[in-house]
Amino acid sequence: MCCSEGGVSMSIKSNIAELQAFLADQPTYSTHEHLRYESDAVKSVECDQEDILWLYTLHYTKSDLISSGATKADVAFIGNPQHSFVDRHHRLSKFAARSQNTTQMTALHAALRALYGGDIFDLNQATEMEKRRKKIHRVGLYHEILQEKGKLLLLCRDWGDEFREQQYFRTAVRMEEWMGISSLCDLQKLESESDRSILNLADLTSVVREQAERLIAKGAIAFKNAMIYQRNPAWVRRSTFDAENAFSILTKYLHADWVSNGSAWRPELQPLQDYLYGEICSLAAERNVPMQIHTGLPEGNCLPLDWGDPTHFLELIRCFPKLEIHLMHLGHPYEPYAIAMAKMYRNVQLDCSWIHQLNAHAARFYVNWMLDEVPIWKILGFGGDYIHMEGVYGHLMQTRVNLSVALAERIETAGSTISEAKGLLTAMLYNNPRRLLFERKAADA
Ligand SMILES: [Zn+2]
């Protein structure tokens, strides 16, 4: 029996503290980021194109501000450093007061306090924090904050294919540019990039494969499917006949502008999109490159929630048993389905990017659900999923809290030992992402 204080067992408290201390020194890989290059961040701050208030007007916190009543104009005003800092701070505080309870808001708030020493919602403190932020934005910023302080070894970057700043990043390649081909203009662009004529489906397939091969040769470590931002991502196997028909429809459109029922891609071209996606999956399987698939909530305030259901990909999983599929974001709020799919299928892994700062309690709960159901071998524990360094750092801190609480509960209620808990943490944050993504070898497929 252990004594209790305020309803919380003393042994849980001391285990949380020990696990947090352990995690503070745990080398970690980030499986999924949109982090801008350090040189771009430094330049943007130097040129006064942004400031500390601007951080709230990007993904996640922006969505919470809008969800609590802010308009797009409010967000644009808060994010524009050309306007008065005082007025922008006032506007931010108004909407933050309505939404500061969410994990996305508290994680960023805590990160800014840890990095710049104050409460951002106090005007005087925010002014001082802005000065400190400006001072530390110089070359070596990511090394100092992410690598030294955060123990982040490498980040898998999903944002373009420039392959810069290899001391920090590896690259996951998005496929939307190929999949979303919707017009003659798009085809001509691809023809000029590839220096090939595209007269039929066979030409298009061959060019897309060639482009994918080129990016693997340049160092891409994964492909990323974020189709959810363009259409219902449900995938079905398509025949060559249907894909060829869709190709001829495509050639009748000069421009690609199209929005229908939330889909930014022409619905009548879906057979072609699915066909091309199948070709890329087939190539990825041949080349032992994992496929990261966005599942769960689409970020923002408008897309259909049910597009995030990971069971949309069951046919894909079955059709490509040699393709390794990483279900991103644990499918939140469809976690039980994502977890069950990883349990059932050998080629499905779980990626916990975004989830720790999206919903702290869900993350803690499902970490243990996942550990009860899925082999530890298949769990990737962290991805900051942020465009700015402060967000990545805040998310990492939040992840350590969530994992410490979840594993301490596991020790208390499921009879695990502290050393077993540490082994699970190292597997999720270091061994698995290294094996499955960053130092992937053919023998592990
Ligand atoms: Zn993302």
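**A close look at strand β4**

Mentor: Happy to. Strand β5 (residues 169-174) runs parallel to β4, and 3 bridges join the two. A word on the ground rules: this is a predicted model, in which local features need pLDDT of at least 70, side-chain atom pairs count only at pLDDT 80 or more, and totals for chains, interfaces and linings use all residues. Residues are numbered from 1 along each chain as its sequence is written. Helices (H or I, at least four residues) and strands (E, at least two) are DSSP runs, numbered from the N terminus, and two strands pair if DSSP finds at least two bridges between them.

Of the 6 residues of β4 (residues 152-157), 5 are buried, where buried means 20 or more other C-beta atoms within 10 Å of the residue's own, exposed means 12 or fewer, and partly exposed lies in between, with C-beta atoms placed from the backbone.

Now step back to the domains. The chain is divided into domain 1 (40-139) and domain 2 (143-444), with bounds that come from an automatic or database domain assignment. Their C-alpha centres lie 29 Å apart. Across the boundary, 17 residues of domain 1 are in contact with 17 residues of domain 2; contact means that the C-beta atoms, placed from the backbone, lie within 7 Å. On the domain 1 side, α3 (61-67) and α6 (103-116) are the elements that give two or more residues, and α6 provides the largest share, 9 residues.

Finally, look for the largest nonpolar core, which has 117 residues. Such a core is a set of buried Ala, Val, Leu, Ile, Met, Phe, Trp, Tyr and Cys residues joined through C-beta atoms within 7 Å. Helix α18 (residues 389-414) gives this core its largest share, 10 residues, and at least three residues come from each of domain 1 and domain 2. Phe 223, Ile 280, Leu 327 and Leu 350 have the most contacts inside the core. Leaving out residues up to four places away in sequence, Leu 350 touches residues including Leu 327, Ala 338, Met 370 and Val 374.

Technical notes: Two residues are in contact if their C-beta atoms, placed from the backbone, lie within 7 Å.
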